[in-house]
Amino acid sequence: MTTYRRDPDALAALTDEQFWVTQESGTERPGTGKLLNNKEPGIYVDVVSGEPLFASSDKYDSGCGWPSFTKPIETAHVTEHHDSTHGMVRVEVRSKHGDSHLGHVFPDGPVDRGGMRYCINSASLRFVHRDDMEAEGYGAYLAQVEEIGND
């Protein structure tokens, strides 16, 4: 079993925006994230720890301006926290082992897929294409990224 941890080398390699989002709970501007329109098969991992967070088969276009997912690839890698910043009450989503701020989760996702919308900053994610998953140690998740229609 792979052990995921907050990687000092990965932290040092973050761009200013990635650092602000993941370490200072920032939010990238809507519509600007490099992974927003990604439709390739694969998984999305924490840019700091590498822990697998979301599968392409659970990604959908919610129209909110950030990558949206119906569920985490493995719930043990995602934690939820009360967030009352900016005059709103929301549920913040963080990576378990990297403790990276990822975004927020809302109960307005597709009802037929569980009803949740994980609204996630591209800056907190690294995409691993299905063709590279085995080589990068994510082979156990291959069955979760088969073509299941990205909206």
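Is Asp 108 buried, partly exposed or exposed? I looked up its accessibility in this predicted model, and Asp 108 comes out as partly exposed, because its relative accessible area is 48%.

**Entry: the Asp 108 partner**

I then checked which side chain Asp 108 pairs with. Its side chain meets that of Arg 117 in a salt bridge, at 2.8 Å from N to O. Arg 117 is buried, as its relative accessible area is 12%. I jotted down the cut-off here: buried means under 20%.

**Entry: other salt bridges**

How many salt bridges does the structure hold? I get six.

I followed Arg 94 next. On one side I found a salt bridge between the side chains of Glu 92 and Arg 94, with 2.7 Å from N to O. I also found Arg 94 in a salt bridge with Asp 99, at 2.9 Å. Through shared partners, Glu 92, Arg 94 and Asp 99 make up one network. Glu 92 and Arg 94 are both buried, and for Arg 94 I noted a relative accessible area of 11%. Asp 99 is partly exposed, at 38%.

**Entry: His 77**

Where does His 77 sit? I found it in the loop between strand 4 (68–69) and strand 5 (78–83). I have His 77 down as buried, because its relative accessibility is 6%. Its side chain makes a polar contact of 3.3 Å with the side chain of Glu 51. I listed its contacts too, skipping neighbours within four places in sequence: they include Tyr 4, Pro 52, Leu 53, Ser 95 and Tyr 141. Arg 94, from the salt-bridge network, is also among the contacts of His 77.

**Entry: aromatic rings**

I counted four aromatic pairs. The rings of Phe 54 and Phe 69 are stacked, because their centres are 4.5 Å apart and their planes are at 20 degrees. Phe 54 belongs to strand 2 (residues 52–55) and Phe 69 to strand 4, so this pair ties together parts that are 15 residues apart in sequence. Both Phe 54 and Phe 69 are buried.

Phe 54 also pairs with Tyr 118, and I logged this pair as tilted, with 5.8 Å from centre to centre and 55 degrees between the planes. Tyr 118 is in strand 8 (residues 117–120), 64 residues from Phe 54, and the pair links distant parts of the chain. Tyr 118 is buried, as is Phe 54.

Which residues do ring pairs link into a cluster? I wrote down Tyr 44, Phe 54, Phe 69, Tyr 118 and Phe 127.

**Entry: nonpolar cores**

A general note first: in soluble globular proteins, nonpolar side chains tend to be buried together. I went looking for such groups here. The largest nonpolar core has twelve residues, among them Tyr 44, Phe 54, Phe 69 and Tyr 118, names I had already met in the ring cluster. Leu 35, Leu 53, Val 78 and Ile 120 are also among its members. Strand 2, strand 7 (101–106) and strand 8 are the elements that give two or more residues to this core. Apart from this core I found another, of ten residues, including Tyr 4, Val 128, Met 133 and Tyr 138.

Last, I looked at Ile 120. Leaving out neighbours within four places in sequence, its contacts include Glu 28, Phe 54, Trp 66, Phe 69, Leu 102 and Leu 125.

Key
Residues numbered from 1 in each chain as written. Predicted model: local features only at pLDDT ≥ 70, side-chain atom pairs only at ≥ 80, totals over all residues. Heavy atoms only, no water. Helix = DSSP H or I, 4+ residues; strand = E, 2+ residues; numbered from the N terminus. Buried < 20%, exposed > 50% of the residue type's maximum accessible area, 1.4 Å probe, protein only. Polar contact = N/O pair within 3.5 Å; in protein donor to acceptor, adjacent residues only side chain to side chain. Contact = heavy atoms within 4.5 Å. Phe/Tyr/Trp six-rings, centres within 6.5 Å; stacked < 30°, edge-to-face > 60°. Salt bridge = Lys/Arg side-chain N within 4 Å of Asp/Glu carboxyl O. Core = buried A, V, L, I, M, F, W, Y, C linked by side-chain atoms within 4.5 Å.
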